[in-house]
Amino acid sequence: MNKNCDDFQPVDYNIGIGLSITQTTSCSSLLDEKGTSSEMCCPGAVTNSIDQQTLTSNICKHDFSGSTKTQDEKKHTRHNHIQFIDESDLYLRKRPKAANKFEHVSSYEYERAAQLLERCTALLIAAGAGMSLDSGLPDYRNPESWEKSFPLLAANNLSYECMARECCFHDKPCTVWSWYKHRFDEYQATQPHEGYHILHNWAREKVHGFKVFTSNVDGFFARSGFPRANIVECHGSLNRLQCISGKHGIWKSVSTFRNLSIETMCRKTGLCFTKQCKIPKCRSYGCELQARPNILLFGDKFWESANTTIQKQIYQEWLSTLPINSVLGIIEVGVGQIVPTVHLEVDRIFHERLSRGLETHVIRINPEGPVLYYPGQHVVIRSKALDALRQIQSQITTLKK
């Protein structure tokens, strides 16, 4: 059996600002019900094949104003109020170098962030996986963290990207359901950190309201007191289930996960080694298909997006009806570049409001990764979520004295 993922199939991704990245996927293997490995048709750990010259060329050709400039000219040019800090690394699907982590953050950044937040009359919280990490959840996309949490999966070349695919529910349902059971139990046993409550307190003070736009599926914002009507879960939630067919609606997952037999599961690795596990079924009368979490998976064609669509409609209506004199503050916290959904949404909103001449401020909190600066209206804080939010809160307290 080939465990080295040799059968590559190139898939083209166009990610942000006109970058074309060829991502190779492969056929990988899953453990069979006895714990040995077997082939399955599921794209495994992804490998990026990027032509650096083509990438640089694409970046240089892109201009929000429609002009074409050389790379040297681009490095020192602002594009519709955007300054490119590190052109060669923008939106690459790879983990940033460790050297970018935890650069020194001066008190000025925290003070400036506090001033902008106090000026804002409306608040958008845009959160990614980094927001949850300070609560104690593992970073599944970090190879070391993944191997520590799921050693048997890692030993069989099964990454997070491979497990989080719809095809796994067909090939090895016991294995994948055991993994999701492990994740659900981990979320339920973890308390959202203090930063969620800090954000909630800021949000409730805004006269023009607030919204949350998050790719996290752990439900921590709702558990921290944020009204569900104010939250957009753009990738769904592990707290809901759906039919694997993508039909028959969605329903709450709590009772299903709690009733899954833990005796047939290895809780340490999230794997199931028996064919006797009872796979949850669709709740629709007459449907014998299995259920699955209502979250957007990689390469997913059967995600039931109705709930998220309603959330987005409410969210978009709020944005479009903000008064002309409103000052929108956007806090982007823990948002990575590997899956840039939240990051691109922040950019979309900023440019849309900028084109209308509406005052908007962006505060980006992330310990690593490339960023885009908006001169005069932008603060970048290279720090973990909880540490940064505490520091900003301290500055706000000082301003109010």
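This is a predicted model: local features need pLDDT of at least 70, side-chain atom pairs count only at pLDDT 80 or more; totals for chains, interfaces and linings use all residues.
Residues are numbered from 1 along each chain as its sequence is written. Local features need pLDDT of at least 70, side-chain atom pairs count only at pLDDT 80 or more, while totals for chains, interfaces and linings use all residues.

**Exercise 1.** Find where pLDDT stays under 50.

*Solution.* Start with the scale: pLDDT is the predictor's confidence in each residue, from 0 to 100. The protein chain averages 75, and 68% of the residues reach at least 70. Now look at residues 1–102: that's where pLDDT stays under 50.

**Exercise 2.** Work out which residues touch the most other members of the largest nonpolar core.

*Solution.* First, the term: such a core is a set of buried Ala, Val, Leu, Ile, Met, Phe, Trp, Tyr and Cys residues joined through side-chain atoms within 4.5 Å, with buried meaning under 20% relative accessible area (1.4 Å probe, protein chains only). Another core, of 19 residues, lies apart and includes Val232 and Phe350.

**Exercise 3.** Take Phe221 and list its contacts, leaving aside neighbours within four places in sequence.

*Solution.* Contact means heavy atoms within 4.5 Å. By that rule, Phe221 meets Ile125, Ala127, Met131, Tyr196, Leu199, Val212, Thr214, Phe226 and Ile231.

Conventions:
Side-chain values use heavy atoms; hydrogens and water are left out. Buried means under 20% relative accessible area, exposed over 50%, partly exposed in between (1.4 Å probe, protein chains only).
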